[in-house]
Structure formats: C-alpha cells, structure tokens
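Please look through the structure below with these notes alongside.

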Amino acid sequence: QVQLVESGGGLVQAGGSTRLSCAASGSIFSINGMGWYRQAPGKQRELVARITSGGSTNYADSVKGRFTISRNNAKATVNLQMNSLKPEDTAVYYCNVDLLLLESSTWLDYWGQGTQVTVSS
C-alpha cells in the first residue's frame, strides 16, 4: 500500500556532510508529520528531527545547528541535511511518516527500511 524509499548516507569523514532523502508513495490521501530517527548499536531508537505539514520543526539537542530537515509536500519527500558530522552520529537512520490512506479515517505510522550513516574519525 505504502512505500518509504530512503536514499543517501554511507561513509563520511568527521566534519563532513551528507544528505538523506525519503520518498513516500502509494495509496496516500494525506501526510502529517515526517521525521528522521536513528538507532546506534546497543542503543534505543531516538528522534533526530521532525517537521509538520506546516513546516514547523524540532530537533534533538545533539544535532541542533548541524542538521536541517525539510520536506516537499507535493512530492511527499522529506530530507535531512547533515553537516559537521561527528563519529557519534553513526547510526542507522530511519524515515518516519504519519499518513492517511485513501478511503481510510485512521492515521498510520510508517517507517522506512533504514539507511546506514557511518562517520569516521
């Protein structure tokens, strides 16, 4: 019904930049919040950044001033620009979308498959 396709990430040197993208497709009527989460080995999944349909954003304290989240409502995409990367940013990054399917009245929470970001020191 719904696919979230993530792209970007990979191996980056400390201080470098990379950009993650996530595109939602399928039987979608409407999208509300979109965001990025990450999970490092041995740790719980945590919020990185989130953006509402109106463009309001919130960030984890650890990434404020370094990461920027943006979205394109017409294309149903959400991006995460990651600058000044640190080794502690190494994790699997997951796209998350709150959406309403066609012919449904229930908002659902969808996750991407995850993309690895590794920051070398």
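1. Start with the side chain of E6. One of its polar atoms lies 2.7 Å from the backbone nitrogen of C95. The backbone nitrogen of T115 lies 3.3 Å from a polar atom of the E6 side chain. A polar contact here is a pair of N or O atoms within 3.5 Å; within protein, one must be able to donate a hydrogen and the other to accept it, and residues adjacent in sequence count only if both atoms are side-chain atoms.

2. A word on the source. This is a predicted model, where local features need pLDDT of at least 70 and side-chain atom pairs count only at pLDDT 80 or more, while totals for chains, interfaces and linings use all residues. Residues are numbered from 1 along each chain as its sequence is written, and side-chain values use heavy atoms, with hydrogens and water left out.

3. Which side chain of opposite charge is nearest to E6? It is R45, 8.0 Å away. E6 is buried yet has no salt bridge. Buried means under 20% relative accessible area, exposed over 50%, partly exposed in between (1.4 Å probe, protein chains only). A salt bridge needs a side-chain nitrogen of Lys or Arg within 4 Å of a carboxyl oxygen of Asp or Glu. For charge, Lys and Arg count as positive and Asp and Glu as negative; His and the chain ends are not counted.

4. E6 sits in strand β1 (residues 2-8). Leaving aside neighbours within four places in sequence, its contacts (heavy atoms within 4.5 Å) include W36, Y93, Y94, C95 and T115. S21, C22 and G114 are also among them.

5. Now the salt bridges. The structure holds five. R38, E46, R66 and D89 are linked in a network. E46 pairs with R38 at 2.8 Å, N to O. E46 is partly exposed, at 36% relative accessibility, whereas R38 is buried, at 6%.

6. D89 bridges to R38 at 3.0 Å, N to O. This pair links distant parts of the chain: D89 is in the loop between β8 (77-82) and β9 (91-101), R38 is in strand β4 (residues 28-39), and they are 51 residues apart. D89 and R38 are both buried.

7. D89 also forms a salt bridge with R66, with closest N and O atoms 2.7 Å apart. Here too distant parts of the chain are linked, since R66 is in the loop between β6 and β7, 23 residues from D89. R66 is buried, as is D89.

8. V63 is in the loop between β6 (57-59) and β7 (67-72). Is it buried or exposed? V63 counts as buried because its relative accessibility is 0%. Not counting residues up to four places away in sequence, V63 touches R38 and V48.

9. Overall, the chain has zero helices and eleven strands. Helices (H or I, at least four residues) and strands (E, at least two) are DSSP runs, numbered from the N terminus.

10. Of the 121 residues, 42% count as buried. Among contacts between residues at least 6 apart in sequence, 57% join residues at least 24 apart. The C-alpha trace spans about 50 × 25 × 25 Å along its principal axes.
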